[in-house]
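Open the model in your viewer and keep the sequence panel beside it. The stops below say what to select and what is there.

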Amino acid sequence: MSLHRKGRAALVLALVAVVAMAFRVSWNALRDIAGAVGADDTAAMLYPFVVDGLMALALIATLVLTGDARRFALRVLGAYTIASLVLNYVHGLVPELHGRTVDWGRLADWDPANWALVLLATSLPVGSIYFGSDLVAKVLHHRPVPIPAASANAEESTDTVMKRSTADLSVSTPAPITPNTTVLPRPVAVGFLKSTLPAKPLPSIAPTPVAPIERRAVATESTRPRRATGRVPDAAKPTRPKRTPKQLLDEARKATADWPDAKVTGEGIRRAIHTSPANARSLRDTLKAERAAKRAATAAEAA
């Protein structure tokens, strides 16, 4: 157990040393960038703590927080890591920044790139105030989930706890019962002692009378064939007066008076006057013949 703790302590110390050396390397570049965007000597020396210091704070917050708060800390850590990387890259591309001979507010020759870099460099301190305060508030209000006592001591105990079943115990079954035998002067073996008290007689219980099951007559299906009902009486049939051919022709003329020739069909006449298909076809032929004769007479008069 002591070796395990010493190994973790050595790993943490090595990480702190690496982070400190990396901060020293990045500190020079960020200080020069801060001086190029108008910061004085004191502000330029504190500028690296604003950027890289918030990165360290966000890293610690990710180890403490959980859920959405942890994802927020990871986003802050990633954003400030990218921003520090960009500023270090610009410091390596612009030699004038090393001697602080660059003009104020001029980090790139191309104006859009220069505006973006100046905006990035000047907005990081404000972002550090906002995001740093938010992360600290989240850490202070965080309530860790309590660890059960059984799992809390799991790392410290390496012994295997075994529960013995009742079959493994020294006394698992009762001792066998030996019959109680007594040797009397006479050669008679007496078994288990029995009580000589007479048993108390129990009153007899009279049987409950059960009502007999009644047999009820069940209607059976008749096997006799059913009698035919006979013809439907004439009074029950629908009565409709029978029309003569002349009456049918008059009804067809009235129904098709405003019909075009294409609509004058047997089916249309049958539905209009409710007659049989044969009568409808005969009326169709008659009506078409009358219309043809009428058109011929009109043409002759016009000529």
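Begin by selecting H274, which counts as exposed because its relative accessibility is 53%; buried means under 20% relative accessible area, exposed over 50%, and partly exposed in between, with a 1.4 Å probe and protein chains only. H274 sits in the loop between α8 (266-273) and α9. Its phi is positive, about 60°, although H274 is not a glycine. Most residues other than glycine have a negative phi.

Before going on, note that this is a predicted model, in which local features need pLDDT of at least 70, side-chain atom pairs count only at pLDDT 80 or more, and totals for chains, interfaces and linings use all residues. Residues are numbered from 1 along each chain as its sequence is written, and side-chain values use heavy atoms, with hydrogens and water left out.

Now show the whole chain as a cartoon. The secondary structure comes to nine helices and two strands, in the order α-α-α-α-α-α-β-β-α-α-α along the sequence. Helices (H or I, at least four residues) and strands (E, at least two) are DSSP runs, numbered from the N terminus. Of the 303 residues in the chain, 20% are buried.

Next, select residues 245-255 and 277-302. These are helices α7 and α9, whose axes come within 10 Å and cross at roughly 60°; axes are lines fitted to C-alpha atoms, for helices over the stretch in contact, and angles run from 0 to 180 degrees between N-to-C directions. Show side chains to see which residues meet: L248, L249, A252 and R253 of α7 are in contact with N279, L283, T286, L287 and E290 of α9, where contact means heavy atoms within 4.5 Å.

Move to helix α2, residues 41-64. It has 24 residues and reaches 35 Å from its first C-alpha to its last, close to the 34 Å expected at 1.5 Å a residue; the expected span is 1.5 Å times one less than the number of residues. Centre the view on D52, where α2 has a kink of about 30°. The bend at a residue is the angle between axes fitted to the seven residues ending there and the seven starting there. D52 is also one of the buried residues of α2, which include Y47, P48, V51 and L54.

Finish with V136 in helix α5 (residues 111-140). V136 is partly exposed, with a relative accessible area of 37%. Select L57 as well: V136 and L57 are 79 residues apart in sequence and 8.4 Å apart in space, C-alpha to C-alpha.
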